[in-house]
Amino acid sequence: MLDGLVIVVRRLPLLVAGLLSLHCFAGRAFAQTSAASTRAEGDTAVRQVQSLVLGAVYEQLAVANPRAAAARANARAAAARIASAKRPPDPQLQLGFMNRELPSLRPMEPLGMTQVQLMQMVPLAGKLGLAGSVAEAQAAAARGLADDVRWDVRALAAMAFYDLYQTDRSLDVAISTRRLLQDIAATASTMYAVGEGRQPDVLRAQVEIARMSEDIVRMETMRISIDARLAALLDRAPVADPPSPLLPALPAELPPLDSLLRLAEANRPMIHAGEAELRGAEAAVTLARRELWPDLEIGVQYGQRSGAMGVGTERMGSLMLGVSLPVFARSRQLQMREETVAMRAMAAADLAAMRAETRGRVAVAYADWRRARNLSDLYRSTILPQTQATITSSLAAYRVGNVNFMTLLDNQMTLNRYQQELYALAAEQGKALAELEMLIGRELFDPTVVAAPAARTER
């Protein structure tokens with residue numbers, strides 16, 4: 001009996017250390033649900049200071065994106081073509097030296113003369129007005145496409161922004177969870193040393209720590225690749241340690257689906273471009289039908305020569321009228337009609353397809369936003385608090401031997417998974433909003449306003 005008492009006394013410091021480790025683990029598990037997104041590693045604190053706001057990304061995108069700049073330049077080029085489309089062909093000025101002797105080039109008597117001739121082609125049947133209408137419609141389509149490109153690259157930048165946000169916040173959770181797993185492993189080792197634990201528990205804890213370290217390395221690498229996507233849109237070089245995005249204050253409510261569908265039909269720049277292209281195609285059909293009408297050519301001519309017997313100078317004037325003859329109408333003008341009719345059918349079909357695609361994408365994005373919003377509310381209000389309560393309960397039961405180590409470890413990993421899913425839902429909510437903004441051609445929230453820290457880092 002005395003020997004047993006001596007063994008207990010010797011193991012008492014180890015047992016006390018194990019209980020203290022359990023107490024510290026409980027405190028850290030509770031703090032994990034309410035702390036701000038403070039990283040466990042030294043370099044992560046610097047990354048939090050270098051924050052990234054979505055509104056600032058949009059401002060940089062407006063001036064730096066090469067694709068948007070090219071689309072704007074194309075729109076300016078299309079607008080510059082309108083004036084020339086409404087003008088007739090340039091007049092032709094000709095200078096003629098008629099009836100000259102060779103090789104001296106002296107005027108032949110009495111036929112030699114010098115002529116100046118001015119010719120102007122005048123399109124009839126309203127062709128110039130129709131050509132101007134086609135050019136105006138094409139310019140409007142180019143403006144719509146440029147605006148659509150602006151919204152498209154804006155949505156792409158938002159996708160990269162929210163992916164980077166999700167990765168950063170998941171990295172926060174992974175680092176905090178790894179530290180908790182290290183505490184659990186230390187506790188299991190201590191209890192195994194005093195004969196109160198099992199060696200498989202220690203090994204399983206070490207395996208989970210290694211898996212969490214693998215996730216951390218993978219997410220740190222993902223940050224670089226996601227920033228490379230964003231850097232390509234902003235026309236800058238990628239960086240090894242990109243700034244950490246701050247979640248904007250996402251709206252809790254949106255207009256109903258039917259209102260969003262009407263907004264998309266009325267405001268989406270791609271639909272406006274399709275409507276302009278259809279107007280241009282219709283004007284081109286009318287213009288092609290009038291190409292059979294002859295064009296009028298008007299000319300004036302002035303000539304002079306030396307008078308007979310070298311007396312004085314004889315001056316002459318002429319007026320010339322002519323018309324074009326569509327002698328190749330079967331292979332030219334009539335084929336032009338077929339081409340423009342086919343182009344009009346294509347423009348109408350493209351517009352119908354764009355409207356159908358827009359309706360479908362609006363409905364899908366709206367459903368994705370509602371799902372992410374509702375699940376986020378469920379995670380915050382029910383799933384995460386219940387999971388945390390389960391961990392607290394299992395920890396207390398583990399102390400008295402009513403719950404095994406594997407149950408405690410599985411509960412902690414479940415909390416880790418739910419925390420990461422919550423940030424994934426926030427990112428999905430932002431992506432759905434970016435898609436909706438691109439489709440309806442207007443903002444749904446202020447991207448410069450950052451969400452409150454509690455809403456951004458709640459765990």
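# Reading a predicted chain

Modeller: L95 stands opposite V116 in β3. This is a predicted model, in which local features need pLDDT of at least 70 and side-chain atom pairs count only at pLDDT 80 or more, while totals for chains, interfaces and linings use all residues. Residues are numbered from 1 along each chain as its sequence is written, and side-chain values use heavy atoms, leaving out hydrogens and water.

Biologist: Which strands pair, and in what sense?

Modeller: Two strands pair if DSSP finds at least two bridges between them. Strands (E, at least two residues) and helices (H or I, at least four) are DSSP runs, numbered from the N terminus. Here β2 (residues 92-98) and β3 (residues 113-122) are antiparallel, with seven bridges. β3 also pairs with β5 (residues 296-306), again antiparallel, over nine bridges, and T114 stands opposite Q304 in β5. In total the chain has 11 helices and six strands.

Biologist: What is the average pLDDT of the chain, and where does it fall under 50?

Modeller: pLDDT is the predictor's confidence in each residue, from 0 to 100. The chain averages 84, and 86% of the residues score at least 70. Residues 1-49 stay under 50, with 74 contacts beyond four places in sequence; a contact means heavy atoms within 4.5 Å. Residues 454-459 are also below 50, and that stretch has 26 contacts beyond near neighbours in sequence. Where pLDDT is low, the predicted coordinates should not be read in detail.

Biologist: What share of the chain is buried?

Modeller: Buried means under 20% relative accessible area, exposed over 50%, and partly exposed in between (1.4 Å probe, protein chains only). Buried residues are 40% of the 459 in the chain.

Biologist: Which residues touch the most other members of the largest nonpolar core?

Modeller: A nonpolar core is a set of buried Ala, Val, Leu, Ile, Met, Phe, Trp, Tyr and Cys residues joined through side-chain atoms within 4.5 Å. The largest has 53 residues, and Y162, L230, L254, L260, L436 and L444 touch the most other members. Elements giving two or more residues to this core include α5 (127-193), α6 (199-234) and α10 (405-440). Its largest share, 17 residues, comes from α5. Take L444: leaving aside neighbours within four places in sequence, L444 contacts P251, L254, L433, L436 and E437. A second, separate core has 20 residues, among them I175, L395, Y398 and L409.

Biologist: Why do the buried residues of α7 line one face of the helix?

Modeller: The buried residues in α7 are S259, L260, L263 and A264. They line one face because, seen down the axis, they fall within an arc of 140 degrees.

Biologist: Is D148 buried or exposed?

Modeller: D148 lies in helix α5 and counts as buried because its relative accessibility is 7%. Not counting residues up to four places away in sequence, D148 touches R268, P269 and M270.

Note on methods:
The arc is that of the directions from the helix axis to the C-beta atoms.
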